[in-house]
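Dear colleague,

Please find below the structure that I am handing over to you. My findings follow directly after it.

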Amino acid sequence: MIRTVRRRKTPRLGFTLRPARTFSANYVGYKWADSHNIMVGIHMSVVTLRRLTDVKMIPCITLHRRLVCLHRAVGAVRWRSSYKQVPLLTATPVRALIDEPISIKGHFLTPHSPVTLCAQMHCEDGDLWEAFAHYNTNADGTVNLSRDHSVGGSYLGCAPMGLFWALQPAPGEREGLRLRKKNIATPYVVHMSLLDGHVTPRERQSAELAAVTTERWYVAPGVKRIDVRQNGIVGTLFLPPGRGPFPAMLDLWGMGGGLIEYRSALFASKGYASLSLAYFGHKDLPAPQSSINVGDAYFKSAYRLLQDHPQVCADRVGIIGLSFGVYLTLRIAIHIGVKPSCLICINGPVGSTIKLLDQDGRTESFGSDQKYWMYDDQGHVSFRDISLPANLSSESKVKVM
């Protein structure tokens, strides 16, 4: 015969009985079932054991079964506490400027075992870029990219930031891609994963052991971005946080044209005011967009605009140029009556590679003279020979006695 103990007032217990649900204890969640498929979540305490006999509507015949369940739960706690931790991949910091180092480490791995670290991201056009490297874990079950050497993959040796600078278009993506940030208000989001064994990202023979997502920014918090459409000047001004005055850079790009902002944004993030200047290939400039239709006065006005800004040190303004922008950087410094405090010339010609239409620096259409263009077996064009001194236009040459 089954006796039922009834109480008018049920005390507050350290556990609850609820059918067909899973409960979590204060530290670890467990679940189990008796013959009636009842899940029990238990706070292991002496008070709970003392109150177990006072539960409302508990058949006495099932009391022993509850105690057995409790014993099993305590045993499970001991087993979980001695179980090894799951693999962990960390990136410190997870948010950083594009040129700042990130410390990448793997933890709680099998000692002396092969692993693969993989980085993947999508550019703003949706194309997938990736890099991967093979490592062997240390005796303590860790891998540290600042210390350990890659033995295969996209690069070899110790390269703390190799997973970033080795990024390439993934197999099957479009050919001839160039990674260039268009919207500096958003970061590059890089997904990093830790895989078991030495594999390629496409193989995915083993499960992902751990993962972390990082953000790579071109603009720091507090940097101001200002559109410039003044006196015919087309550009974007970036100012660092604070009142200034700041040193400044006039930023000139190359034959790709348009308005490229990410380098100026990074300058401002480092404490330099910077004006990214468009000079052809932009809808707000005189047509056609395939040639330079602004003269020396345009570049002089842009330089003066930056120099006269109240948050800029007037005597600390430099010019940086890339590719065809190198020629313009040198021309501005020599011909138009300004005195920049420094010039930075990156991978460009010392003279114009395009025929000039007048002494003011306007040019023919880019691509009008292709006799110095070189092509490889895949049909990709190279401009290596076009800027050799012997191939420069006569207007760019001066006899030195």
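**Salt bridges**

The structure, which is a predicted model, holds 12 salt bridges. Side chains of opposite charge can pair when their charged atoms come close.

One of these bridges joins Lys182 to Asp125, with 3.1 Å between the closest N and O atoms. This pair links distant parts of the chain, 57 residues apart. Lys182 sits in the loop between strand 12 (168-169) and strand 13 (188-196), and Asp125 in the loop between strand 8 (114-122) and strand 9 (128-136). Lys182 is exposed, because its relative accessible area of 58% is over the 50% cut-off.

A further salt bridge brings together the side chains of Arg147 and Asp148, at 2.9 Å from N to O. Asp148 counts as buried because its relative accessibility is 8%, under the limit of 20%. Arg147, at 43%, counts as partly exposed.

Asp227 and Arg225 also form a salt bridge, their closest N and O atoms being 3.0 Å apart. Asp227 has a relative accessibility of 48% and counts as partly exposed; Arg225 is partly exposed as well, at 41%. Together with Glu261, Arg225 and Asp227 are linked in a network of salt bridges.

An open sheet consists of 6 strands in the order 15-16-18-17-19-20, and its pairing is mixed. Strand 15 (224-230) and strand 20 (343-346) stand at the edges; each has a single partner strand, so one side of each is left without a neighbour in the sheet. On average, neighbouring strands of this sheet are turned by 20° against each other, direction ignored.

Within the sheet, strand 16 (residues 233-239) pairs with strand 18 (residues 273-277) in the antiparallel sense, over 4 bridges. Leu237 stands opposite Leu275 of strand 18. Helix 5 (residues 296-307) lies across strands 15, 16, 17 (246-252), 18 and 19 (312-322), and runs at about 135° to strand 19.

**Backbone features**

Two cis peptide bonds may be of interest to you. Thr92 and Pro93 are joined by a cis peptide bond with omega of about -5°; Pro93 is found in the loop between strand 5 (88-92) and strand 6 (95-97). The peptide bond from Gly244 to Pro245 is likewise cis, with omega near 5°, and Pro245 lies in the loop between strand 16 and strand 17.

Asn231 is one of them, with phi of about 55°. Asn231 is placed in the loop between strand 15 and strand 16 and counts as exposed, at 72% relative accessibility. Ser323 is not a glycine either, and has a positive phi of about 60°. Ser323 belongs to the loop between strand 19 and helix 6 (324-335) and is partly exposed, with a relative accessible area of 25%.

**A nonpolar surface patch**

Tyr375, Val381 and Phe383 form a nonpolar patch on the surface, and together they have about 280 Å² of accessible area. Phe383 is located in the segment after strand 22 (381-382). Phe383 is partly exposed, with a relative accessible area of 36%, so it passes the patch criterion of over 30%.

Yours sincerely

How values were computed. Residues are numbered from 1 along each chain as its sequence is written. This is a predicted model: local features need pLDDT of at least 70, side-chain atom pairs count only at pLDDT 80 or more; totals for chains, interfaces and linings use all residues. Side-chain values use heavy atoms; hydrogens and water are left out. Patches are made of residues with over 30% relative accessible area and no salt bridge: like charges are joined within 9 Å, nonpolar side chains (Val, Leu, Ile, Met, Phe, Trp, Tyr) within 5 Å. Accessible areas come from the Shrake-Rupley method with a 1.4 Å probe; for residues, only the protein chains shown count as cover. A salt bridge is a side-chain nitrogen of Lys or Arg within 4 Å of a carboxyl oxygen of Asp or Glu. Helices (H or I, at least four residues) and strands (E, at least two) are DSSP runs, numbered from the N terminus. Buried means under 20% relative accessible area, exposed over 50%, partly exposed in between (1.4 Å probe, protein chains only). Two strands pair if DSSP finds at least two bridges between them. Axes are lines fitted to C-alpha atoms, for helices over the stretch in contact, and angles run from 0 to 180 degrees between N-to-C directions. Contact means heavy atoms within 4.5 Å.
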